[in-house]
Amino acid sequence: MAEWTEEITHVAGTDLAIIKGGQGKPLLILHEELGHPGWMSYHQALAKDRTLVIPIQPGMGKSPRVEQIRTVHELGLFYLWALRELNLGPIDVLGFSFGGWTAAEMASADSKAFRKMVLVAPPGIKPPDGDIMDIFAVTIGTQLNATIYDAEETPEFRKLYGGERTPEQFEAFEEARTETARIAWDPILHNPSLPYFLQGVRGLPTRIIWGREDAVVPVSAAEAYRQALANTDVQVTIFEHCGHRPEIEKGPEFVKLVREFLA
Amino acid sequence: MILMYFTERPYREVPEDEVIKNRGFFGVPNRFFDREVGSRLYNEYLDEMVYAEDVGFDAIMLNEHHGTPFCMGAVMNVEAAILARITKKAKIVLLGNPLPTFKNPLRIAEELAEIDCISRGRLVPGWVRGAGSESIFNQANPAYNRERFEEAHDLILAAWTRPGPFRWEGKHFNYRFVNPWVTPYQKPHPPIMIPGVLSPETVVWCAKHRYPYLGLGTALPATAELWNIYGDTAANEGYVAGSENFGYLQHVFVAETEEKAQELGKAHLFGGGQGAFSRPEHTLPPGYNSKEATRRLARTMTAGSGGFLGVSSEQLNRAKANAEPGNLQAVADSTRRRLARGEATIEEARAAIYRSYQKAQDGLQIITGTPKTVIPKIRKILEVLRPGVFGVFQSQGPVSFEDRMTSIRLLGQEVLPAVREIGKELGIVDPFERKPGARPYAHGAQREQLVSLEALRAQA
């Protein structure tokens, strides 16, 4: 497809696959725990006036594993280094789920690296009510199905990850799950120190987006993030009848919200 | 030959319905544990082991699993320590400690050294990566499973053999002061044996370390293939592998009459047997498999098998063994999946499990009968695989203590002497008669024949 390209760049001491598409000011997108889901309609819409920069997390797809990255915090340090080398800061960032957690870790280490930050249903903070789903103790199918509140009403759900369930895609999922488990197995998908360090974030307008019926990361964590980011401008938007993927479950509303916030 | 007795020490009174409903033993809620039953069973199992020694077994074997009524030996070293004291001459074979799950492997080195000293040098330690469920139960990162296995192994051997105190700074384990006061009775360290269910990576690792590899009831064709890989690796390492490098564990149950043996032998399949050890998502948590193994697994998945949503290790093993659809586990597997979708009843699932009983016997996965009928079957296994160590796996499920003891008695009186004769006739040598890896390999020479493909074909 002509809408996007994937290139391997040597940066921060390793090869890093980066998907790029669109035009205008760069927007960093950090993908979720199963990898980059493919070029979806929200990418298409956001790419109209932004150049999307989507690094593939080391250890997934064409980005080789970096053994020295052993925590999500260290993954954040890696991306900060990459942004410096690529002269991409300060940049707007949009992080989905695990990518949102990574963005929060980056902000906690250097909030000046970002201009504005959008976090979509990130794990990373232990929810005050309910548990983060143990995605490592379920099958890929269960994990994938749990991300959507109403699959019947979400036509794009079937297009995630290319749609077809081939042996190659099984391998790609296993690889992504392995890398996520490697750095986030214990504690279970959160960093107990993150709320403390997020208090140090200043001058970074932040929007937190969640689905009320999120079965992967309970919506109560939205408030925990808001409280942790007490020293910067932060707003929370919660979509009703929506699960862990507001970007495809509430596509048009989601895109509108993000574009207005980043404008 | 070393003849070995093994019982999984199952919690025999778990309701079978609960295992079937749960689609596996791992994770059955522990409200079904009754302390009186547990207490009685632990003591019966220790008595079985002592009796096995009395009737002539050379070795008694323990294993370790967590969070499952399939095996109550969650802390195997405790049982081993008791056996070290209450048995007299049998080797105490541990197959094995799940090394990647231990946060402090130095303590394992200490525990094993104590057991070796109490038993005056009868310990045979063995180590495993653990089933995937052990990683989940013990909060051990499956993505580091093999790395932690290898580093813990290296650390334990160093703790036993390198003069302390020394510092250990590895990738996963760090110690500022390694100096265990008690080191093993056997020098330089106890002989090590490694069990497995046919991971090629483990077989190669074993061959490189010259450790005997013990197949845990694995299908004969696939086992034969992997033992040849061991043999080739050994030749590359410069030594000749022989029967001293191999062991095999086999379900065997013996009773006074054929009828009774057939009835009680069914218990090997209780709850779905080994194939129902754990659900796919617990068997293979992310990263537990190597990239290569994941690739092999991905290729075995077929459309409509439901495999994409989670492929179990037994499916993988079946694919490796080129087994035909419809054998031992296939029917039960598909019924379990239908059960999960609410399309089958528990009764149907149970019927599917026991329908495979005859096939399991035909394929020699289960051997049950009177001494007279089991001996020729054991002979076939010995002819094909030539294992230096042959382990007898006691029946699972609701088999009474009395019936288990009868099986042990009959094995001792009638089966073991016959098996020893067969071993002699076949020229099988065990790892205590000939140190594994002791015979140098001359480059270009024909390496020793490890398995008999003729016997395998005759069996098929």
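Me: At what angle do α5(A) and α11(B) pack, and how far apart are their axes?

Reply: In this predicted model, the two helices pack at about 145 degrees, and their axes are 9 Å apart. Two packed helices are described by the angle between their axes and the distance between the axes.

Me: Is the crossing of α5(A) and α11(B) left-handed or right-handed?

Reply: α5(A) passes α11(B) in a right-handed crossing. That word applies because the near helix is turned clockwise from the far one.

Me: What makes this a contact between α5(A) and α11(B), and which residues meet?

Reply: Residues count as in contact if their C-beta atoms lie within 7 Å. From α5(A), the residues that meet the other helix are Pro167(A), Phe170(A), Glu171(A) and Glu174(A). From α11(B), they are Thr294(B), Arg295(B), Ala298(B) and Arg299(B).

Me: How do the residues of the contact of α5(A) with α11(B) divide into nonpolar, polar and charged?

Reply: There are three nonpolar, one polar and four charged residues.

Me: Why is α5(A) called mostly covered?

Reply: A residue is buried if 20 or more other C-beta atoms lie within 10 Å of its own. In α5(A), 13 of the 18 residues are buried, and the helix is mostly covered.

Me: How many residues of chain B are in contact with chain A?

Reply: 20 residues of chain B touch 17 residues of chain A. On the chain B side, α10 (280-283) and α11 (291-300) each supply at least two residues. α11(B) gives the most, with four. That side divides into eleven nonpolar, six polar and three charged residues.

Me: Which strands of chain A stand at the edges of the open sheet, and what makes them edges?

Reply: The sheet has eight strands in the order β1-β2-β4-β3-β5-β6-β7-β8, with mixed pairing. β1 (4-11) and β8 (234-239) each have a single partner strand, so one side of each has no neighbour in the sheet, and they are the edges. Neighbouring strands are turned by 20 degrees against each other on average, direction ignored.

Me: How do you know that strand β6 is joined to strand β7 of chain A?

Reply: Strands pair if at least two bridges are found between them. Four bridges join β6 (residues 114-120) to β7 (residues 206-211), and the two strands run parallel. Leu119(A) stands opposite Ile208(A) of β7(A).

Me: Why does Ala12(A) count as buried?

Reply: Ala12(A) has 20 C-beta neighbours inside 10 Å, and the cut-off is 20 or more, so it counts as buried. Ala12(A) lies in the loop between β1 and β2 (14-22) of chain A. Its phi is near 50 degrees, a positive value in a residue that is not glycine.

Me: Why does Arg23(B), with 19 C-beta neighbours inside 10 Å, count as it does?

Reply: Buried needs 20 or more and exposed needs 12 or fewer, so a count of 19 makes Arg23(B) partly exposed. Arg23(B) is in the loop between α1 (16-22) and α2 (35-55) of chain B. Arg23(B) also has a positive phi, about 55 degrees, although it is not a glycine.

Me: Is Gly412(B) buried or exposed?

Reply: Gly412(B) has 20 other C-beta atoms within 10 Å, so it is buried. It belongs to helix α17 (residues 401-425) of chain B. Leaving aside residues up to four places away in sequence, Gly412(B) touches Val55(B) and Gly56(B).

Me: Where is Pro90(A)?

Reply: Pro90(A) is in the loop between α2 (72-85) and β5 (91-96) of chain A. The peptide bond from Gly89(A) to Pro90(A) is cis, with omega near -10 degrees. In chain B, the bond from Gly164(B) to Pro165(B) is also cis, with omega near -5 degrees.

Terms used. Residues are numbered from 1 along each chain as its sequence is written. Chains are lettered from A and ligands numbered from 1 in the order in which they are written. This is a predicted model: local features need pLDDT of at least 70, side-chain atom pairs count only at pLDDT 80 or more; totals for chains, interfaces and linings use all residues. Two residues are in contact if their C-beta atoms, placed from the backbone, lie within 7 Å. Ala, Val, Leu, Ile, Met, Phe, Trp, Tyr, Cys and Pro count as nonpolar, Asp, Glu, Lys and Arg as charged, and the others, Gly among them, as polar. Axes are lines fitted to C-alpha atoms, for helices over the stretch in contact, and angles run from 0 to 180 degrees between N-to-C directions.
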